[in-house]
Each structure stands twice: as C-alpha cells, then as structure tokens.
Amino acid sequence: MHKIFRHIRHLCAIWQQEITGMIKDEGMLLILLVIPLSYPVLYSWVYNNEVVHEVPVVVVDKSLSSHSRKFIQMYDASPEVKVSYYANDLNEAKDIIGHQKAYGVLYFPEDFARRINRMEQATVGVYCDMSLMLAYKNVYQTAVSIQGLMGAGIQTRLLGNYTEREDEIATMPLQCRDVPIFNTTGGYGNFILPGVLILILQQTMLLGMGLWTGTQREETGRIIPRKPLYDSTMKIIGGRWMAYILLYTVLAAYILLVIPKIFSFVSIIYWKDFLLFLMPFLMSCIFFGMTAMSIIRQREDVFLIVVFTSVPLLFMAGVSWPASSIPEVWKWFSYLFPSTFGIKGFIAMNSMGARIQDIRPEIIALWIQTAVYFLTTVLIYRRELKK
C-alpha cells in the first residue's frame, strides 16, 4: 500500500512540474490558455451574421419596359439582394464588378418585353461573380425565384381560368415544400463552426505539446528532462496526461458547450453523451500529440507543422467538402488524426441530436486511436529514458 501511495505522489509531482513549466513558459501559456479562450469567440463573432443579405447587383436594362421594371422592382424587394447600380451596357457593369462594388449583373435585352407580348420565350441574363459562393447563390437564386413568379403570372393570364384555385393548380400542379433540417437557419456559422471548434482543441493541444518538446530538445537534447522523478515511462506519461486532460476538459466544455450558447448557434447535444464522447477524443489527441510531437527539434518547427495541416484536416474530415468526393487515399490518411472522427461525431451530436449509440463507429475509432498512440508513446518514451 505504501508503494502505491508513493507512486501516486510521484505522479502528482510530475503533473505539478508539468503545469508549473507550462505557466512559466509565456509561449505555452499563450497557446494553451489565451488562444483556446479567444479563438472560438473570434470565429463565432465573425460567423454570427450567418446569412448574407443585400448583395449589391448592377442592372443593365436595354428593354426599358414595364415588364423589366416590374422584374427589377420584385428583385430589389428581396432581402437577399439589392439593386445598387444601373449601367448602360455590360462593359460598364463589368467595370463596376471589377472594382468589387457589386457581385452580379441583371441584363434585359431590347426584345425582352416584345417577346413576352408576342407570347414568345424571353430571356434575362444573370451574370454572377463566382469568387464568393454565398453572394453568387443570392444573386442567381433570387433571379430564378422572380422568374418563376413572373412566369406564373403571365401563364395565368393566358389560360383564362375563372378562379384563383384553377390558376394555382395550373401554374403549380406539384407543390414542393422546402423544409430545412438540422441547420434550420441555413447559416454558414452553424454549418462550419462545429468542425472548427473541434479542430481548435486538437491543434492548440498539438501546438502546446510541440512547444514543450522543442524547449526540452533545445535545452537538454531530450524530450524527457533529467530529473529524479522522471525515471519511469508510465509515471511520465501519466503525469503529462493528467496535465492535459484536466486543462482541456475545462476548455472543451467552454468551447463546445458555452460558445454555441453565447452566440445562439444550434446546440442540441446531451451533456451525458457529450462526456462519453469527450473522453476518448481528448485521450486520443493527448497520446497522438505525445507521439507526433516527439519529432520536434526546435520550438518554431511546430508552428510550420500545425499551421500547414489545419486547413487540410478540416477538408479531409468531410465538413467543408463532401466526403464522397475525397479520394480514397486521403480518406485513409485522415483516419490517422483524432479530429476526423471527432468532427464527425460532434457535428452529429451537436447539430443533429444524435445520441452516443448513433456515433458508435466514431467512438470506437477514437478508442482505437487512443490505444495505438498510447503504445507508440510508451515505446518512444522508453527509448528516450535509455539514452
């Protein structure tokens, strides 16, 4: 019993030394505390206005008719776009877009009204700046909606029906209702933020571990300091694990639970399921970091690695790009990182209301990563102790 208590005291002493070292290192303090506390607020604040409104559009009206004016009036009345400029021709409109004063052009040819009056098909040219996806969607979809409404009005006048119900059935024989699920606001923040928050947890942890490893390498040439307590692989791993698990459990609760509530993002997660998900995710991140960051030679190296991998990891997780369109080799490569399964699991729980049994494959994958990276960490630390 005395031996067990001695090991526990040594474990706590190593944990205390690790925490003390983090606090004394300004870089570690910045990475492990300031950035995890401030970055989620910054990202959430930027994406809080989730839906784009009043996208400026240029109008080139060669028709100058009542039909074109009606189309423009209905188009400008939409909250998604705003008719901000009128141009004499397409070249002038292109110049306005080139100066980024507008993101689309509505073009009415001279025969627009004449074709309608002759019961011929008329055309409206819609030119979109494709460099901004959300602006392009507003410009194009609003034009399509107005075209449908005006086309239905012209059609009913030609049919000569007697009742409004007859007009409704004739112009819309099949009714289609658009019912958004999960991301009910249709906002970009609710779409991208859950994945970003998970990635912030993993990448800041890797940055902190990399800084600490780089410091040890520069000072001693080793990743394990030559101190009396640091004489056992399991005690070192246990002490460092305690330092990160306690800190990041609090940070994860703040980032994943508090931040969405503050900024009114969708969050329908169950706290019991959240805890069952959080433990394997954090443990896989900790042991993955201990394994991967053992290659760091200097403090600056970790910034190159983590910054370079952040965006690819978000893409490979299947959030900002469909997983079905990712090449198979990159899918398998993404399985090396805890963020891949963490992002999928958290989005399912946070945005779709999934329970822990619904994300069983992700949980199993995270536990497998925890076991594998724990073994690799043990092998690396044992080799270091023999030096």
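The legends below describe close-up views of one predicted model.

Residues are numbered from 1 along each chain as its sequence is written. Because the model is predicted, local features need pLDDT of at least 70, side-chain atom pairs count only at pLDDT 80 or more, and totals for chains, interfaces and linings use all residues, while side-chain values use heavy atoms, with hydrogens and water left out.

**View A. Strand E3 pairs with E1 and with E4.**
Helices (H or I, at least four residues) and strands (E, at least two) are DSSP runs numbered from the N terminus, and two strands pair if DSSP finds at least two bridges between them. E1 and E3 run in the parallel sense over 4 bridges, whereas E3 and strand E4 (residues 125-128) are antiparallel, also with 4 bridges. Valine 105 of E3 stands opposite valine 58, and its bridge partner in E4 is tyrosine 127. Of the 5 residues of strand E3 (residues 104-108), 4 are buried, so this strand is largely enclosed by the rest of the structure; buried means under 20% relative accessible area, exposed over 50%, and partly exposed in between (1.4 Å probe, protein chains only).

**View B. Serine 78 lies in the loop between helix H3 (66-77) and strand E2 (81-86).**
Serine 78 counts as buried because its relative accessible area is 12%. Its side chain makes a polar contact of 2.7 Å with the side chain of glutamate 80, where a polar contact is a pair of N or O atoms within 3.5 Å; within protein, one must be able to donate a hydrogen and the other to accept it, and residues adjacent in sequence count only if both atoms are side-chain atoms. Leaving aside neighbours within four places in sequence, serine 78 is in contact (heavy atoms within 4.5 Å) with Glu54 and Thr142. Glutamate 54, in the loop between H2 and strand E1 (55-61), has a positive phi of about 55° although it is not a glycine.

**View C. Arginine 115 forms salt bridges with aspartate 111 and glutamate 120.**
A salt bridge is a side-chain nitrogen of Lys or Arg within 4 Å of a carboxyl oxygen of Asp or Glu, and the whole structure holds 3 of them. The closest N and O atoms of arginine 115 and aspartate 111 are 2.9 Å apart, while the N to O distance between glutamate 120 and arginine 115 is 3.5 Å. Arginine 115 is partly exposed, at 32% relative accessibility, and glutamate 120 is also partly exposed, at 38%.

**View D. Arginine 355 and aspartate 273 meet in a salt bridge (2.4 Å, N to O).**
This pair links distant parts of the chain, 82 residues apart, with arginine 355 in the loop between helix H13 (338-352) and H14 and aspartate 273 in helix H10. Aspartate 273 counts as buried at 5% relative accessibility, whereas arginine 355 counts as partly exposed at 32%.

**View E. Tyrosine 373 sits in helix H14 (residues 360-385).**
With 12% relative accessibility, tyrosine 373 counts as buried. Not counting residues up to four places away in sequence, tyrosine 373 touches Ser284, Phe287, Phe288, Thr291 and Leu336. The C-alpha atoms of tyrosine 373 and isoleucine 286 are separated by 8.7 Å, although these residues are 87 places apart along the chain.
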